[in-house]
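Please study the sequence and the structure before reading each solution.

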Amino acid sequence: MKRLLDKRIVIIGAGSCGKGVGNGKAMAILFAEQGGKVLCIDSDLKAAHETVEEILKSGGDAAMLNIDITDVEAGKKIMKKASDLWDGLDVLVYNVGKSSQGGVLETELSDWKEVFNVNLNGAFTVSYTHLTLPTNREV
């Protein structure tokens, strides 16, 4: 029995950086194996493409979207793509994060802002957009 049969899933951060399989790619592959339709989102087009290709080769259903999660319109772009593909979405996974090395004295303000833009602002705008869509208000 496939536990995610026909569930429409968005995984932000579905590519892997470097060799091996990161958390986002692993989730995308597993969710597709369980019958989910997976929209793989990553800022690295090649990484997202590799994840989608692996899912498709295994007979799964997947698509990709290359997006900058710090773009204030990212949530709308993601929801539009999911709607165009599968008439909405059921599961949203925010699997991205950024850090800055060093302490307060070594950290530039621009690095600090980028960490917050990716880790907090991106998560907020995507979640907010998803939860405020008329089709999702009953959640």
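Angles between axes under 35 degrees count as roughly parallel, over 145 as roughly antiparallel, 65 to 115 as roughly perpendicular and the rest as oblique. Axes are lines fitted to C-alpha atoms, for helices over the stretch in contact, and angles run from 0 to 180 degrees between N-to-C directions. Helices (H or I, at least four residues) and strands (E, at least two) are DSSP runs, numbered from the N terminus.

The model is predicted: local features need pLDDT of at least 70, side-chain atom pairs count only at pLDDT 80 or more, and totals for chains, interfaces and linings use all residues. Residues are numbered from 1 along each chain as its sequence is written, and side-chain values use heavy atoms, without hydrogens and water.

**Exercise 1.** Describe how H3 and H4 cross.

*Solution.* 
Step 1. The axes of helix H3 (residues 74-86) and H4 come within 8 Å and cross at roughly 50°.
Step 2. H3 and H4 are therefore oblique to each other.
Step 3. On the H3 side, Gly75, Lys76, Ile78 and Met79 make the contact (heavy atoms within 4.5 Å); on the H4 side, Val126, Thr129 and His130 do so.

**Exercise 2.** Describe how H1 and H2 pack.

*Solution.* 
Step 1. Helix H1 (residues 23-33) packs against helix H2 (residues 45-57) at an angle of about 25°, and their axes are 10 Å apart.
Step 2. This makes H1 roughly parallel to H2.
Step 3. H1 contributes Lys25, Ala28, Ile29 and Ala32 to the contact, and H2 contributes Glu50, Thr51, Glu54 and Ile55.

**Exercise 3.** Classify the residues in the contact of H1 with H2.

*Solution.* 
Step 1. Ala, Val, Leu, Ile, Met, Phe, Trp, Tyr, Cys and Pro count as nonpolar, Asp, Glu, Lys and Arg as charged, and the others, Gly among them, as polar.
Step 2. The contact of H1 with H2 has four nonpolar, one polar and three charged residues.
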